[in-house]
Amino acid sequence: MASSLRTPDSPPRLGRAPSYIHFTPRRAMASFENLVVLANYEEHLREARKVVWRDRGEKPVEVLDLGECFEHACRGGLRAGTLAFAIRSGVNFILLLTRIKRIPKQFRLSLIRHALFGEDSVRFAAMLASFVGLYKFILNALPILLPQPQSKDTTHARTRSLFRASLPSSSGKAPMDSPFDDESVEEAELGLPLRTRGTRHARLSASAQAHQKWIRKRTRWWYSAFAGAAAGAIAIMFEKKSRRVGIAQQMFVRGLQGSFNAMSDKHGFKIPHGDVIVFTLCCGQIMYAFLMRPDTLPHSYNKWIQVASKVPEEAVKTNLTLVREGYFDPDDLERVLQYPGITPSNYAYLADRVAKARLPDGLRSYGPHVVPCEAVHPDIDSCLTVQVVHFWEVFRWMLPIYGALHTIPMMLFRRKTFLQRPGRMLLRAALGTARSSAFLGVFVVIYQAYFCGKHNLYHKLMALRNTSSGRSLLAMLAKRLPPVWIELLISKYSFFLGGLLSGLSLFVEEKRRREELAMYVLPKGLESAWVMARGKGWVFGMGRYGDALACLCFSSALATGMLTTTLQNDPHHLSGLVRRILYQFVGPN
C-alpha cells in the first residue's frame, strides 16, 4: 500500500497511451532528407521550365561588372537560340506534315530531316541568339561604362520626397510610387489639376512597373536604342538575303507602331480608327499593284492574292494588258475557255472575243479595254450570285489557317487560363476564327462586287450613249457626261479605289486584331509605293545604290533600335503579342 502512495516530487502516472507518434531519429532523418530531395527536384524542374518558357513577372538581373554582364548575355543568347531553333523546326515539321501525302516516299525521310535540322532552323536560331546576346551585353554594359551622374540628396529633394509620400492616392488610379506618375506629382506640387491617365497605363503589372523603375534608375533612353540597333544590324546577317528585307520590314513597322503610340500618348492626340485608315490605304496600293504593277510586290504575295481572289490567273493577265496596252493575248482567254465548269453563255462570249482577236490586222478587234466579267467568273453567269459563292469559298479556305492563328497563341501565352477553362477558351477561339475568316471573305466580296459593278456600269453607259432613244435618267446622264468621265470607270486608277473600299472590311474583324492586320500589310504597301515612286522619278535617285538605300530605310538597325527603345522605356505602347514574344526571347534585361 505504501507503494501506491505518490510523493509530491514524483511525476504523475499516465492512465492511457500518448496520442502522438514516436519517431526514431533514423526515420526522422530519412523523412527530412526526402523532403530536401523533393524540394531540390522541384527547384530544378522550375529552372528547367524557365529554359523553355519564361514566367511572368521576372525581375531584372543586377550585373555589377563586365564579367557578370558577359555571362548574363551568353546565357540569354543560348536560351534564345535554343528556343528559336525548336520553334522554327516545329513549324517546318508541321507545315511538312500538311503536304507529306503528296510527296513520294523516297523523299519523305530527307525532307523530315531537313525540316528538323535544316539550314533555315540553324540560321533563324543564330540570328535570334546573336541579337539577344549582343543586346543584353550592350544594354547592361553601358550603365557600367557610362554611369549616370548621381544627384545629391539635398534638403529640397528630401522635402519633395516627404511631400510625395504625404500625397493620398485616389481609388482606381495608380499609386504615387508608380514609375508613370512623375509628371502627376510635379503638377500636384505646382497646384495644377491632375490629368487622367489613358487606358494604356493600366496594362502593366506590378512586376512590369518594377522593371520600369530599374530602367529609369540604371539606364538612359538611348542605351536601348544603341543596343538594339547594333545587335539588329549584326544579327540580320545570319539570315538569307531573300529574307532580310522582309524581317527588317516587320521590325520597322513594329517599332514605328510603338513610337507612334508613345508620341500620341505623350502629346494627347489620337486618330479615330487609325488602324482602319492605314489598312485601307495599304489595301488600295496593294490591289492596284496586284492588277497593274505586279512587279512591285513579292512573287509569293502575288500568288497568295491570286489564290484568295478565286479568279483565273489568265483573267488577271488579260485585264493587265487590256487596261495598260489595249490588247490581250488570245491564248490567255483560250485557257479560260478550258476552265472546268464554264457556262455555255460565258463560253460563247469569250470564244467570240478570241475569234475577233485572231482576225487579220485590218479587221482585228480586242473589244473594250477591260477584262469581261465572263472571264472573271467563267463558271457562274450572274455577277450577283458569284459574290455569295466566293464568300463561302474564301471563308472555308481560311478557316483552318485562322483556326491555328487563334488557337496556338492562346495555348502558348495563356496556358493557365486555357487549362482552367478549356471549353470557354476554345469557344472564344472558334468565334474569333469565324470572324477572321468572314473578314477576308467580305474583303473579296467587296472588291469583286466593285470590279463587276463598275464594268457593267461602263458597258451600260456606253450603250445608252450610242442609242438615240431612251428617256431614263441614266440615259440622259450617259449622253451628257463627257466620255473621259465614263472612261474613268475602266481606268487603271479605278482599281486603287476598289482596294480602299475593300479595306473597310476590317470593321468585321475584332478590334484588338485590327492593328495587327494593319501592321501586316503596311510593309507590302510601302515597298510597292517606294518602287513605283522610284520608277516615276518622284524620289531621289542613287544609281546602283538605290536598292541599298531602300533596304537601309527598312534595315534592322533602325527597326530594332525603335523597337527596343519602346520595349525598354514604354512597353505598354507595343501590341500585346509583340510584347509577349519579345519578353520570352529577351526578358526584362
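Here are some questions and answers on a predicted model of a protein.

Visitor: What is the mean pLDDT of the protein?
Guide: This is a predicted model. Of the protein's residues, 75% reach a pLDDT of 70 or more. The mean pLDDT is 78.

Visitor: How many contacts beyond four places in sequence does the model have for residues 153-202?
Guide: Two stretches deserve a look. Over residues 1-6, pLDDT stays under 50, and the contacts beyond four places in sequence number three. Over residues 153-202, pLDDT also stays under 50. For residues 153-202, the contacts beyond four places in sequence number 46.

Visitor: Which elements give two or more residues to the positive patch?
Guide: The patch of positive charge lies on the surface. Its residues include Arg56, Arg414, Lys416 and Arg580. Arg424 belongs to the patch too, and its place is in helix 18. The elements giving two or more residues are helix 17 (415-420) and helix 18 (422-465).

Visitor: Which elements give two or more residues to the nonpolar patch?
Guide: Phe260, Met263, Phe269, Ile271, Ile277 and Leu281 make up this surface patch. Together they have about 520 Å² of accessible area. Met263 lies in helix 9. The elements giving two or more residues are helix 9 (241-267) and helix 10 (274-292).

Visitor: How far apart in sequence are the parts that the pair Glu313 and Lys303 ties together?
Guide: The structure holds 16 salt bridges. One of them joins Glu313 and Lys303, with the closest N and O atoms 4.0 Å apart. Glu313 lies in helix 12 (residues 313-324) and Lys303 in helix 11 (residues 299-309), so the pair ties together parts whose separation in sequence is ten residues.

Conventions
Residues are numbered from 1 along each chain as its sequence is written. This is a predicted model: local features need pLDDT of at least 70, side-chain atom pairs count only at pLDDT 80 or more; totals for chains, interfaces and linings use all residues. Side-chain values use heavy atoms; hydrogens and water are left out. pLDDT is the predictor's confidence in each residue, from 0 to 100. Contact means heavy atoms within 4.5 Å. Patches are made of residues with over 30% relative accessible area and no salt bridge: like charges are joined within 9 Å, nonpolar side chains (Val, Leu, Ile, Met, Phe, Trp, Tyr) within 5 Å. Accessible areas come from the Shrake-Rupley method with a 1.4 Å probe; for residues, only the protein chains shown count as cover. A salt bridge is a side-chain nitrogen of Lys or Arg within 4 Å of a carboxyl oxygen of Asp or Glu. Lys and Arg count as positive and Asp and Glu as negative; His and the chain ends are not counted. The place of a charge is taken as NZ of Lys, CZ of Arg, CG of Asp or CD of Glu. Helices (H or I, at least four residues) and strands (E, at least two) are DSSP runs, numbered from the N terminus.
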